[in-house]
Amino acid sequence: MAKRGRSVERSATYTASPNIALVKYWGMRDVALGLPWNSSLSVTLAGIATTTTVRFVPGQTLDTLVLNHRPATGPPLEAVRRFLDRVRGAAELREGADVASFNNFPTASGLASSASGFAALAGAASAAAGLRPSPRDLSRLARFGSGSATRSIFGGFVEWRAGVRVDGKDSYARPLFAEEHWPELVDLVCLLRNAPEKAVRSAEAMQGSVATSPRFAARQAAVPSRLRRMVRAIRDRDAGALFPLVMEECDDFRAVCETTIPSLDYLTPVSRAVLAEVRAANDERGATIAAYTHDAGAHVHVFTLREHAPMLQRRLRRIAGVDQVRSLRPGSGGHMVRGPAR
Ligand code: PMV
(Lines give C-alpha, C1' and ligand atoms only; values in the text may rest on other atoms or scores of the structure.)
Protein backbone atom coordinates (compact mmCIF):
# COMPACT_ATOMS: atom_id res chain seq x y z
CA MET A 1 0.00 0.00 0.00
CA ALA A 2 1.29 3.47 -0.84
CA LYS A 3 2.45 5.64 2.02
CA ARG A 4 0.54 8.81 2.80
CA GLY A 5 2.16 12.21 2.58
CA ARG A 6 4.04 14.47 0.22
CA SER A 7 6.68 11.88 -0.72
CA VAL A 8 4.06 9.90 -2.61
CA GLU A 9 2.95 10.86 -6.09
CA ARG A 10 -0.63 11.95 -6.48
CA SER A 11 -2.65 11.70 -9.65
CA ALA A 12 -6.17 12.29 -10.91
CA THR A 13 -7.99 12.02 -14.23
CA TYR A 14 -10.82 14.35 -15.28
CA THR A 15 -12.81 14.63 -18.50
CA ALA A 16 -14.65 17.61 -20.04
CA SER A 17 -16.36 18.42 -23.33
CA PRO A 18 -16.10 21.45 -25.62
CA ASN A 19 -18.89 24.01 -25.69
CA ILE A 20 -20.21 26.33 -28.39
CA ALA A 21 -21.13 29.87 -27.35
CA LEU A 22 -24.56 31.23 -28.30
CA VAL A 23 -23.57 34.55 -26.67
CA LYS A 24 -19.84 35.05 -27.14
CA TYR A 25 -17.21 36.01 -24.61
CA TRP A 26 -15.07 38.53 -26.50
CA GLY A 27 -13.11 41.05 -24.46
CA MET A 28 -11.65 41.14 -20.94
CA ARG A 29 -12.21 43.94 -18.46
CA ASP A 30 -9.26 42.57 -16.43
CA VAL A 31 -6.60 40.66 -18.35
CA ALA A 32 -4.59 39.47 -15.32
CA LEU A 33 -7.70 37.95 -13.71
CA GLY A 34 -9.30 36.88 -17.01
CA LEU A 35 -12.52 38.76 -16.24
CA PRO A 36 -14.90 39.24 -19.18
CA TRP A 37 -16.73 42.42 -20.17
CA ASN A 38 -19.97 40.56 -20.78
CA SER A 39 -21.75 37.45 -19.58
CA SER A 40 -21.85 34.61 -22.10
CA LEU A 41 -24.06 31.60 -22.78
CA SER A 42 -23.16 28.23 -24.28
CA VAL A 43 -24.15 24.65 -24.94
CA THR A 44 -21.79 21.90 -23.79
CA LEU A 45 -21.54 19.27 -26.52
CA ALA A 46 -21.93 15.49 -26.16
CA GLY A 47 -19.76 12.81 -27.73
CA ILE A 48 -16.51 14.78 -27.87
CA ALA A 49 -14.21 15.26 -24.89
CA THR A 50 -10.74 15.88 -23.54
CA THR A 51 -9.51 13.48 -20.85
CA THR A 52 -6.52 14.63 -18.81
CA THR A 53 -4.38 12.94 -16.17
CA VAL A 54 -2.18 15.02 -13.87
CA ARG A 55 0.45 13.36 -11.71
CA PHE A 56 2.54 15.40 -9.26
CA VAL A 57 5.87 13.60 -8.93
CA PRO A 58 7.97 13.98 -5.76
CA GLY A 59 11.46 15.25 -6.55
CA GLN A 60 10.51 16.40 -10.06
CA THR A 61 11.06 20.11 -10.69
CA LEU A 62 9.73 20.52 -14.23
CA ASP A 63 6.35 19.84 -15.79
CA THR A 64 5.91 17.62 -18.83
CA LEU A 65 3.01 17.46 -21.27
CA VAL A 66 1.92 14.66 -23.59
CA LEU A 67 -0.85 15.75 -25.99
CA ASN A 68 -2.60 13.00 -27.93
CA HIS A 69 0.29 10.60 -27.20
CA ARG A 70 2.99 13.05 -28.38
CA PRO A 71 5.34 15.04 -26.14
CA ALA A 72 4.44 18.74 -26.40
CA THR A 73 6.75 21.74 -25.99
CA GLY A 74 6.57 25.48 -26.70
CA PRO A 75 3.37 27.50 -26.13
CA PRO A 76 1.06 24.57 -25.16
CA LEU A 77 3.53 23.40 -22.48
CA GLU A 78 4.07 26.99 -21.27
CA ALA A 79 0.30 27.51 -20.91
CA VAL A 80 -0.05 24.27 -18.93
CA ARG A 81 2.94 25.21 -16.73
CA ARG A 82 1.47 28.66 -15.91
CA PHE A 83 -1.82 27.02 -15.03
CA LEU A 84 -0.16 24.41 -12.80
CA ASP A 85 1.77 27.18 -11.00
CA ARG A 86 -1.57 28.64 -9.96
CA VAL A 87 -2.76 25.24 -8.66
CA ARG A 88 0.56 24.63 -6.86
CA GLY A 89 0.26 28.08 -5.26
CA ALA A 90 -3.23 27.29 -3.94
CA ALA A 91 -2.21 23.82 -2.68
CA GLU A 92 1.25 24.83 -1.38
CA LEU A 93 2.88 22.19 -3.54
CA ARG A 94 6.29 22.33 -5.19
CA GLU A 95 6.41 19.15 -7.26
CA GLY A 96 6.52 19.17 -11.02
CA ALA A 97 3.75 17.30 -12.80
CA ASP A 98 3.40 14.90 -15.70
CA VAL A 99 0.30 15.84 -17.69
CA ALA A 100 -1.22 13.56 -20.32
CA SER A 101 -4.15 14.89 -22.30
CA PHE A 102 -6.17 13.17 -24.98
CA ASN A 103 -8.87 14.58 -27.27
CA ASN A 104 -11.25 12.06 -28.82
CA PHE A 105 -11.70 14.55 -31.70
CA PRO A 106 -9.16 16.25 -33.99
CA THR A 107 -7.36 18.90 -31.91
CA ALA A 108 -7.08 21.46 -34.70
CA SER A 109 -10.63 20.83 -35.88
CA GLY A 110 -11.99 24.03 -34.39
CA LEU A 111 -14.11 22.16 -31.87
CA ALA A 112 -12.88 24.42 -29.07
CA SER A 113 -10.22 22.13 -27.64
CA SER A 114 -9.02 24.95 -25.35
CA ALA A 115 -12.38 24.96 -23.51
CA SER A 116 -12.42 21.20 -22.88
CA GLY A 117 -8.63 21.12 -22.44
CA PHE A 118 -8.43 23.67 -19.64
CA ALA A 119 -11.63 22.45 -17.97
CA ALA A 120 -10.13 18.93 -17.88
CA LEU A 121 -6.77 20.27 -16.66
CA ALA A 122 -8.47 22.31 -13.90
CA GLY A 123 -10.39 19.24 -12.67
CA ALA A 124 -7.43 16.84 -12.79
CA ALA A 125 -4.77 19.22 -11.45
CA SER A 126 -6.79 20.50 -8.50
CA ALA A 127 -7.80 16.97 -7.43
CA ALA A 128 -4.26 15.63 -7.83
CA ALA A 129 -3.01 18.57 -5.73
CA GLY A 130 -5.39 17.59 -2.93
CA LEU A 131 -7.73 20.56 -3.36
CA ARG A 132 -11.47 19.96 -3.12
CA PRO A 133 -13.00 22.75 -5.21
CA SER A 134 -16.76 22.99 -5.71
CA PRO A 135 -17.86 22.97 -9.38
CA ARG A 136 -18.29 26.75 -9.11
CA ASP A 137 -14.73 27.15 -7.79
CA LEU A 138 -13.51 24.89 -10.57
CA SER A 139 -15.19 27.13 -13.15
CA ARG A 140 -13.43 30.14 -11.58
CA LEU A 141 -10.10 28.30 -11.81
CA ALA A 142 -10.59 27.06 -15.40
CA ARG A 143 -10.91 30.61 -16.78
CA PHE A 144 -7.23 31.22 -16.05
CA GLY A 145 -6.44 28.69 -18.79
CA SER A 146 -9.06 29.82 -21.28
CA GLY A 147 -12.20 31.89 -20.77
CA SER A 148 -14.50 29.46 -22.53
CA ALA A 149 -13.23 26.63 -20.26
CA THR A 150 -15.17 28.31 -17.42
CA ARG A 151 -18.39 27.03 -19.03
CA SER A 152 -17.22 23.47 -19.87
CA ILE A 153 -17.26 22.51 -16.16
CA PHE A 154 -21.06 22.28 -16.48
CA GLY A 155 -23.32 20.37 -18.88
CA GLY A 156 -26.34 21.47 -20.90
CA PHE A 157 -26.98 25.20 -21.26
CA VAL A 158 -24.50 27.24 -19.25
CA GLU A 159 -24.13 30.92 -18.39
CA TRP A 160 -20.81 32.50 -17.42
CA ARG A 161 -21.72 35.53 -15.35
CA ALA A 162 -19.33 38.37 -16.01
CA GLY A 163 -19.70 39.68 -12.45
CA VAL A 164 -18.92 43.21 -11.31
CA ARG A 165 -16.37 42.71 -8.52
CA VAL A 166 -12.77 43.76 -9.10
CA ASP A 167 -11.51 40.57 -7.41
CA GLY A 168 -13.53 38.41 -9.83
CA LYS A 169 -15.21 36.33 -7.10
CA ASP A 170 -18.62 36.79 -8.73
CA SER A 171 -17.39 35.73 -12.18
CA TYR A 172 -18.22 32.02 -12.58
CA ALA A 173 -20.34 29.65 -14.65
CA ARG A 174 -23.65 28.15 -13.64
CA PRO A 175 -25.85 25.58 -15.36
CA LEU A 176 -29.20 27.00 -16.51
CA PHE A 177 -30.89 24.00 -18.13
CA ALA A 178 -29.79 20.36 -18.11
CA GLU A 179 -28.61 18.52 -21.21
CA GLU A 180 -31.96 16.66 -21.50
CA HIS A 181 -33.95 19.91 -21.41
CA TRP A 182 -34.49 20.19 -25.18
CA PRO A 183 -34.22 16.76 -26.84
CA GLU A 184 -35.12 18.04 -30.32
CA LEU A 185 -32.25 20.50 -30.51
CA VAL A 186 -29.22 19.45 -32.59
CA ASP A 187 -25.96 21.13 -33.57
CA LEU A 188 -24.77 20.24 -37.08
CA VAL A 189 -21.06 21.02 -36.92
CA CYS A 190 -19.66 21.78 -40.38
CA LEU A 191 -15.95 20.96 -40.38
CA LEU A 192 -14.15 22.58 -43.28
CA ARG A 193 -11.40 20.98 -45.31
CA ASN A 194 -8.13 22.96 -45.06
CA ALA A 195 -9.42 25.39 -42.41
CA PRO A 196 -6.62 27.85 -41.61
CA GLU A 197 -4.96 27.69 -38.18
CA LYS A 198 -5.60 30.64 -35.88
CA ALA A 199 -2.93 33.32 -36.46
CA VAL A 200 -3.48 35.12 -33.12
CA ARG A 201 -4.63 33.57 -29.82
CA SER A 202 -8.21 34.54 -28.90
CA ALA A 203 -7.11 36.12 -25.62
CA GLU A 204 -4.91 38.56 -27.54
CA ALA A 205 -7.22 39.05 -30.49
CA MET A 206 -10.19 40.02 -28.29
CA GLN A 207 -8.16 42.72 -26.53
CA GLY A 208 -7.44 44.17 -29.98
CA SER A 209 -11.21 44.41 -30.45
CA VAL A 210 -11.66 46.10 -27.05
CA ALA A 211 -9.04 48.70 -27.95
CA THR A 212 -9.89 49.40 -31.59
CA SER A 213 -13.31 48.18 -32.78
CA PRO A 214 -15.80 51.06 -33.12
CA ARG A 215 -18.54 48.42 -32.70
CA PHE A 216 -17.36 47.11 -29.32
CA ALA A 217 -19.36 49.53 -27.13
CA ALA A 218 -22.59 49.03 -29.08
CA ARG A 219 -22.19 45.27 -28.76
CA GLN A 220 -21.74 45.57 -24.99
CA ALA A 221 -24.96 47.58 -24.83
CA ALA A 222 -26.88 44.97 -26.85
CA VAL A 223 -25.67 41.75 -25.18
CA PRO A 224 -27.48 41.75 -21.79
CA SER A 225 -30.98 41.96 -23.26
CA ARG A 226 -30.08 39.53 -26.06
CA LEU A 227 -28.83 37.03 -23.47
CA ARG A 228 -32.02 37.39 -21.39
CA ARG A 229 -34.20 36.82 -24.45
CA MET A 230 -32.14 33.75 -25.40
CA VAL A 231 -32.51 32.26 -21.92
CA ARG A 232 -36.30 32.70 -22.14
CA ALA A 233 -36.38 31.10 -25.61
CA ILE A 234 -34.34 28.11 -24.38
CA ARG A 235 -36.56 27.79 -21.29
CA ASP A 236 -39.64 27.70 -23.58
CA ARG A 237 -37.89 25.46 -26.14
CA ASP A 238 -38.86 28.10 -28.68
CA ALA A 239 -36.66 27.67 -31.76
CA GLY A 240 -38.53 30.43 -33.64
CA ALA A 241 -37.43 32.89 -30.94
CA LEU A 242 -33.95 31.47 -30.29
CA PHE A 243 -32.57 30.95 -33.79
CA PRO A 244 -32.81 34.59 -35.03
CA LEU A 245 -31.10 35.73 -31.81
CA VAL A 246 -28.28 33.21 -32.28
CA MET A 247 -27.57 34.58 -35.77
CA GLU A 248 -27.93 38.21 -34.67
CA GLU A 249 -25.36 37.57 -31.94
CA CYS A 250 -22.99 35.77 -34.31
CA ASP A 251 -23.26 38.61 -36.86
CA ASP A 252 -22.60 41.18 -34.12
CA PHE A 253 -19.53 39.25 -32.90
CA ARG A 254 -18.25 38.98 -36.49
CA ALA A 255 -18.79 42.71 -37.08
CA VAL A 256 -16.69 43.50 -33.99
CA CYS A 257 -13.94 41.18 -35.27
CA GLU A 258 -13.99 42.58 -38.79
CA THR A 259 -13.83 46.21 -37.59
CA THR A 260 -10.90 45.47 -35.28
CA ILE A 261 -7.60 47.02 -36.41
CA PRO A 262 -5.93 44.98 -37.83
CA SER A 263 -9.10 43.23 -38.97
CA LEU A 264 -9.87 39.73 -37.66
CA ASP A 265 -11.38 37.69 -40.45
CA TYR A 266 -12.01 34.16 -39.24
CA LEU A 267 -14.26 32.94 -42.04
CA THR A 268 -13.27 31.45 -45.37
CA PRO A 269 -15.40 31.52 -48.55
CA VAL A 270 -16.57 28.01 -47.57
CA SER A 271 -17.72 29.22 -44.11
CA ARG A 272 -19.59 32.05 -45.84
CA ALA A 273 -21.21 29.52 -48.21
CA VAL A 274 -22.50 27.64 -45.11
CA LEU A 275 -24.03 30.85 -43.69
CA ALA A 276 -25.62 31.56 -47.09
CA GLU A 277 -27.08 28.04 -47.26
CA VAL A 278 -28.69 28.45 -43.81
CA ARG A 279 -30.17 31.81 -44.86
CA ALA A 280 -31.46 30.24 -48.10
CA ALA A 281 -33.07 27.30 -46.24
CA ASN A 282 -34.81 29.72 -43.86
CA ASP A 283 -36.00 31.94 -46.74
CA GLU A 284 -37.41 28.96 -48.64
CA ARG A 285 -39.36 27.83 -45.56
CA GLY A 286 -40.49 31.34 -44.71
CA ALA A 287 -39.48 30.49 -41.12
CA THR A 288 -36.26 30.35 -39.15
CA ILE A 289 -35.67 26.60 -38.97
CA ALA A 290 -31.90 26.84 -38.48
CA ALA A 291 -29.27 29.18 -37.02
CA TYR A 292 -25.57 29.45 -37.78
CA THR A 293 -22.89 30.44 -35.33
CA HIS A 294 -19.08 30.31 -35.25
CA ASP A 295 -16.26 31.11 -32.87
CA ALA A 296 -12.84 32.53 -33.68
CA GLY A 297 -12.35 30.02 -36.50
CA ALA A 298 -13.65 28.95 -39.89
CA HIS A 299 -15.87 26.01 -38.88
CA VAL A 300 -19.59 26.69 -38.56
CA HIS A 301 -22.18 25.26 -36.13
CA VAL A 302 -25.75 25.04 -37.45
CA PHE A 303 -28.46 24.65 -34.81
CA THR A 304 -31.73 23.13 -35.90
CA LEU A 305 -34.47 20.77 -34.72
CA ARG A 306 -34.36 17.03 -35.30
CA GLU A 307 -37.14 17.12 -37.90
CA HIS A 308 -35.10 19.40 -40.18
CA ALA A 309 -31.69 17.86 -39.51
CA PRO A 310 -31.53 15.24 -42.33
CA MET A 311 -32.54 17.79 -44.99
CA LEU A 312 -30.06 20.39 -43.72
CA GLN A 313 -27.30 17.86 -43.34
CA ARG A 314 -27.73 16.87 -47.01
CA ARG A 315 -27.62 20.50 -48.12
CA LEU A 316 -24.59 21.36 -46.00
CA ARG A 317 -22.66 18.25 -47.10
CA ARG A 318 -23.08 19.28 -50.74
CA ILE A 319 -21.12 22.53 -50.21
CA ALA A 320 -17.68 22.23 -51.81
CA GLY A 321 -15.00 22.48 -49.11
CA VAL A 322 -17.18 21.11 -46.30
CA ASP A 323 -15.37 17.99 -45.16
CA GLN A 324 -17.80 16.63 -42.56
CA VAL A 325 -21.11 17.53 -40.97
CA ARG A 326 -21.32 16.02 -37.48
CA SER A 327 -24.59 15.98 -35.62
CA LEU A 328 -24.00 16.74 -31.93
CA ARG A 329 -26.36 17.07 -28.96
CA PRO A 330 -26.11 18.97 -25.69
CA GLY A 331 -23.96 16.94 -23.30
CA SER A 332 -22.82 16.57 -19.71
CA GLY A 333 -20.38 18.66 -17.72
CA GLY A 334 -16.88 17.82 -16.60
CA HIS A 335 -16.40 14.92 -14.20
CA MET A 336 -13.72 12.89 -12.46
CA VAL A 337 -12.75 9.65 -14.16
CA ARG A 338 -10.24 8.43 -11.59
CA GLY A 339 -8.63 9.75 -8.51
CA PRO A 340 -7.22 11.37 -6.70
CA ALA A 341 -4.91 8.38 -6.16
CA ARG A 342 -2.27 8.66 -3.44
O1 PMV B 1 -11.68 30.76 -24.38
P2 PMV B 1 -10.92 31.61 -25.33
O3 PMV B 1 -9.94 32.50 -24.65
O4 PMV B 1 -10.30 30.78 -26.45
O5 PMV B 1 -11.97 32.61 -26.05
C6 PMV B 1 -13.16 32.11 -26.63
C7 PMV B 1 -13.74 33.07 -27.58
C8 PMV B 1 -14.92 32.55 -28.41
O9 PMV B 1 -14.81 31.16 -28.62
C10 PMV B 1 -14.89 33.24 -29.75
C11 PMV B 1 -16.25 32.88 -27.75
C12 PMV B 1 -16.71 32.00 -26.61
O13 PMV B 1 -17.42 32.55 -25.75
O14 PMV B 1 -16.43 30.80 -26.58
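How do the residues of the shell around the ligand divide into nonpolar, polar and charged? The shell divides into six nonpolar, five polar and three charged residues, where Ala, Val, Leu, Ile, Met, Phe, Trp, Tyr, Cys and Pro count as nonpolar, Asp, Glu, Lys and Arg as charged, and the others, Gly among them, as polar. The model is predicted, so that local features need pLDDT of at least 70 and side-chain atom pairs count only at pLDDT 80 or more, while totals for chains, interfaces and linings use all residues. Residues are numbered from 1 along each chain as its sequence is written, and side-chain values use heavy atoms, with hydrogens and water left out.

Around the ligand there are 14 residues, of which Tyr25, Ser146, Ser148, Arg151 and Asp295 come nearest; a residue is near a molecule if one of its heavy atoms lies within 4 Å of it. The side chain of Ser146 places an N or O atom 2.7 Å from an oxygen atom of the ligand. For Arg151, the separation between a polar side-chain atom and a ligand oxygen atom is 2.8 Å, and for Asp295 the corresponding value is 3.4 Å. The ligand taken alone exposes 390 Å², of which the protein buries 92%; accessible areas come from the Shrake-Rupley method with a 1.4 Å probe, and for residues only the protein chains shown count as cover. Because domain 1 (11-178) and domain 2 (185-328) both give residues to the shell, the ligand lies between them. The domain bounds come from an automatic or database domain assignment.

Helix α6 (residues 216-235) contains Gln220; helices are DSSP runs (H or I, at least four residues), numbered from the N terminus. Gln220 is buried, at a relative accessible area of 16%, where buried means under 20% (1.4 Å probe, protein chains only).

Apart from neighbours within four places in sequence, the contacts of Ala233 are Trp182, Asp238, Ala241 and Leu242.

Gln313 belongs to helix α9 (residues 309-317) and is buried, with a relative accessible area of 15%. Neighbours within four places aside, Gln313 is in contact with Leu188, Val325 and Ser327.

How values were computed. A polar contact is a pair of N or O atoms within 3.5 Å; within protein, one must be able to donate a hydrogen and the other to accept it, and residues adjacent in sequence count only if both atoms are side-chain atoms. Helices (H or I, at least four residues) and strands (E, at least two) are DSSP runs, numbered from the N terminus. Buried means under 20% relative accessible area, exposed over 50%, partly exposed in between (1.4 Å probe, protein chains only). Contact means heavy atoms within 4.5 Å.
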